[in-house]
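Please examine the sequence and the structure shown here before reading on.

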Amino acid sequence: MSFSNKETKADIALKYFHKPPVYYNCAQAIYKAFQEEFRITNDEINECSKDGNGKAKGGNCGAYHAALELLKDKPELLAEFTRRFQEKSEYLTCFDIKFNYSMSCKNLVRLASDLLEELTPLSSNS
């Protein structure tokens with residue numbers, strides 16, 4: 001049991017994921033959690049509404065897709081992120097994840113947030 005009061009990026013993402021007043025989807029919740037570190041505008045978060053519910057590029061999970069977008073300028077981290085994400089979720093596409101009941105959307109948002117926080121030094125300074 002941790003006695004740390006530090007809010008994690010996953011805590012922040014889950015505050016916004018499918019909750020009022022904004023009801024962000026998985027991709028938007030990831031962007032919101034890392035908004036400050038990656039200098040993401042509210043307009044960019046709103047644009048991510050098209051990446052939830054299996055509509056991300058290639059049918060990828062929206063949380064996974066958002067993390068890849070945030071890491072696109074850090075190619076050395078992309079493969080590691082994908083490996084770790086798939087190790088836990090088993091699949092990368094929204095359809096496969098839901099069809100095989102491998103993980104809930106809420107847990108995918110948590111997973112993507114946790115992995116991004118571990119892999120990016122930016123988020124550890126917050």
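Is K9 buried or exposed? K9 is buried, with a relative accessible area of 6%, where buried means under 20%, exposed over 50% and partly exposed in between, for a 1.4 Å probe and protein chains only.

The model is predicted, so local features need pLDDT of at least 70 and side-chain atom pairs pLDDT 80 or more, whereas totals for chains, interfaces and linings use all residues. Residues are numbered from 1 along each chain as its sequence is written, and side-chain values use heavy atoms, without hydrogens and water.

K9 lies in helix α1 (residues 9-16); helices are DSSP runs of H or I with at least four residues, numbered from the N terminus. Two polar contacts (N or O atoms within 3.5 Å, one able to donate a hydrogen and the other to accept it; residues adjacent in sequence count only through side-chain atoms on both sides) are tabulated.

| Pair | Atoms | Distance |
|---|---|---|
| K9 and E37 | side chain to side chain | 2.5 Å |
| N25 and A27 | side-chain oxygen to backbone nitrogen | within 2.9 Å |

The N25 contact is at the start of α2. In this helix, 8 of 8 residues are buried, among them I30 and Y31. Its buried residues pack against α1, α3 (42-47), α4 and α7, contact being heavy atoms within 4.5 Å.

I30 is also among the members with the most neighbours in the largest nonpolar core, which has 36 residues. Such a core joins buried Ala, Val, Leu, Ile, Met, Phe, Trp, Tyr and Cys residues through side-chain atoms within 4.5 Å. α7 gives the most to this core, with 7 residues.

How values were computed:
Helix = DSSP H or I, 4+ residues; strand = E, 2+ residues; numbered from the N terminus.
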